[in-house]
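Come along and check each entry against the picture.

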Amino acid sequence: MITAERKPMDELIACVEPYKKILLVGCNECVTVCAAGGRKEVAILASALQMAMKMKGKDLQVKELTLERQCDPEYVEELAQEIKDADAVLSMACGCGVQEVAMRYRNTPVFPAVNTGFMGASERQGVWAERCQGCGDCVLGITGGICPVARCSKRLLNGPCGGSTKGKCEISPDVDCAWQLIWDRLVALGMQDRYEEIMEAKDWRTSRDGGPRKIVREDMSA
Amino acid sequence: MMEQFEPMIVAFCCQYCAYTAADTAGSEKLSYPPNLRIVRVPCTGKVDTMHLMRAFQKGADGVWVVSCLEGDCHFKDGNVKADHRVAHVRKLLKEIGVGEDRLEIVSFSAGMGDRFAQSATDFTERIRQLGPNPVQGGSQAAA
Amino acid sequence: MKTDSVIEKILESGQMVVTSECGPPRGSDPKKVEEKAELLRGSVDAINVTDNQTAVVRMSSWAACIMLKQMGLNPILQMVTRDRNRLAMQSDILGAYAHGVNSMLCLSGDHPRFGDHPMACNVYDLDSMQLIQTVYKMREEGKFQGGEDIQVPPKMFIGAAANPFADPFELRVARLAKKVKAGVDFIQTQCIYNIDKFERWMEGVRERGLHEKVAILAGVTPMKSAGMAKYMKNKVPGMDVPDDVVKRLTGVAKGDQAKEGIKMCIETIQRLKEIKGVRGFHIMAIEWEQKVPEIVEAAGLLPRPKID
């Protein structure tokens, strides 16, 4: 999923301060799963903002609404009525959702309420960790199912570097050394020989370095 | 001087321990402040962030979450969950300017009627010192 | 001969190579470079010039290398893949080679987290392995990494680092084998304090015959004090400082610890000399360059060979 975290309240309060009526829009997808911008977080933020504004002597009207998927124009269309009454939109979706709303409704300012983080997985209740960088040319098949691009701090394709200590990364004892994980998994699979194949310099064009990316499915796009 | 401010405090009390502790206090004829509005909950683990926020939004001057002692939760670790949640909401309250000290979590066993009465009195006093919920104050100032 | 590098020539002659390093200043004063380098003249064969070491901004390695070259010394251009992409690195190699710099060391570099710009973007377009491949391809095929021909390809003698002490230990020989496969000519190791572990690593290296394909220069760093030993033991990732090293330093009076550190360094070199496959030494006297001549002399590594 795409992970996100709510922005600091100071920043959000500054965003809504000029307005009387805001539309606070959540998303039922990734940000719901990572508890950053689902229906519940929308309600909490609405309450927090209203209290904060009340302390400044203002009554902020907040209309709460959580879309099925904010990165999809079909669902964003559902805001058409509500947005007419709003001075501004505060979106709790990831950056994709915020932009979708901004594209569709050109005359209403849209503010992000969360900082979008990374593509990750849930390690345990309340803990999410980065797993994928979307490099566009997956190497997991040759690295034992553990991604060096996303999980090695130096994204080394031929690690581990000299900083790997007791399975941890040199940057922090809280970070696993991705190459230790890769090696352990290759051993478990009996595929140690793989390790000595040099991974060639990566073609980053398939990643962000090649410019903004797009996928077009000819069979689906008319 | 203003006349003495009487805070309104919402106390979310677990029915297995705290709520019974309040009862025990009563039967032992120990008095605690009438400022407490006790909400009986099946487990403090069930007290949601939204309940805490709404309590303040609707004018509570203080919110007290009263759970079972550690290890004694009837649902294994509802009280621990409540602990974490309260810590989280305290941060949020601080961020928005309501102040973190208006929200507290404590734990008692069902038999600790005296401790319940004493703590309730102390918490009420602390909230009295803090003064009225600023959300309400702000709204009055604006009016 | 693959290159004009003095390191290659000395190795070819069958003699031990001695290198040291010079960290460029955190400013643009050329005198700082000259002063440090001058301390090493006559004691070592070539001098590594570090590249934003420990992720702290310093004068560029290639610029300081040129200064050394102009002083008649032999610089080794260090290059980390952390700060520049493959275009920038290859253009720096061309430029340095045009000025007569013919040896280099390919590294990934410390993470920016440790430096003075922890907020910086870390590049890592290539890793150290792929940088070795790139420099090798430039030399042997006369082609850039991207495949285009180079007019007058740079002929660099290619070095890399190896840390026999990092985890997982069982990969340490394997990773060296990868670097050999990538085209490395010489290796400078991490500072050696745990000689037993280094010997175990060298056994693994010899078992695979890697010592015949790559020249291993054993890295040593004299301890200035017991405090430094403790710091390196506990705070520097990938560093292995055994307890008896710390104990020996704490065992002498504070004023004598530096002397003891030098003595230990010399003893280490003496022991390492006996290990088959060690082809020389890399003496990293961090901000203590003036001690290098003393160490080299006492370790019986003087005079340095005269090579044209």
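**Entry 1: the sheet in chain A**

I began with chain A, where three strands form an open sheet in the order β1-β6-β7, paired antiparallel. I keep in mind that this is a predicted model. At the edges of the sheet I found β1 (2-6) and β7 (127-132) of chain A, each of which pairs on one side only. From one strand to the next, the twist averages 70°.

I then looked at how β1(A) is held to its partner. Strand β6 (residues 114-124) of chain A runs antiparallel to β1(A), and four bridges join the two.

**Entry 2: the barrel in chain C**

Next I turned to chain C. Here I traced a closed barrel of eight strands, β1-β2-β3-β4-β5-β6-β7-β8, with parallel pairing.

I picked strand β7 (residues 215-220) of chain C and asked myself: is it buried or exposed? Six of its six residues are buried, so β7(C) is largely enclosed by the rest of the structure. For the count, I took a residue as buried if 20 or more other C-beta atoms lie within 10 Å of its own.

Then I sorted the side chains by direction. In a regular strand they alternate between the two faces of the sheet. In β7(C), A215(C), L217(C) and G219(C) point one way, while I216(C), A218(C) and V220(C) point the other way, and all are buried.

Which strands pair with β7(C)? On one count, strand β6 (residues 186-191) of chain C pairs with β7(C) in the parallel sense over four bridges. Within this pairing, C191(C) has G219(C) as its bridge partner. I also saw that β6(C), helix α7 (residues 195-207) of chain C and β7(C) make a right-handed β-α-β unit.

Strand β8 (residues 278-283) of chain C pairs with β7(C) too, again in the parallel sense, over five bridges. I marked two positions here: I216(C) stands opposite V278(C) in β8(C), and V220(C) stands opposite I283(C).

**Entry 3: where the chains meet**

Last, I checked which chains touch. Of the two pairs of chains in contact, A and C share the most contacts. There, 24 residues of chain A are in contact with 26 residues of chain C. The side of chain A that touches chain C has ten nonpolar, eight polar and six charged residues.

For the other pair, I noted 15 residues of chain A in contact with 17 residues of chain B. Helix α3 (residues 39-55) of chain A gives the largest share of chain A's side, ten residues. By class, that side has eight nonpolar, three polar and four charged residues.

And chains B and C? No contact joins them, and their closest C-alpha atoms lie 26 Å apart.

Methods
Residues numbered from 1 in each chain as written. Chains lettered and ligands numbered in written order. Predicted model: local features only at pLDDT ≥ 70, side-chain atom pairs only at ≥ 80, totals over all residues. Pairing = 2+ DSSP bridges. Axes fitted to C-alpha atoms, helices over the stretch in contact; angles between N-to-C directions. Contact = placed C-beta atoms within 7 Å. Nonpolar A, V, L, I, M, F, W, Y, C, P; charged D, E, K, R; others polar. Buried ≥ 20, exposed ≤ 12 C-beta atoms within 10 Å, placed from the backbone. Right-handed = clockwise from strand over helix to strand, strands pointing away.
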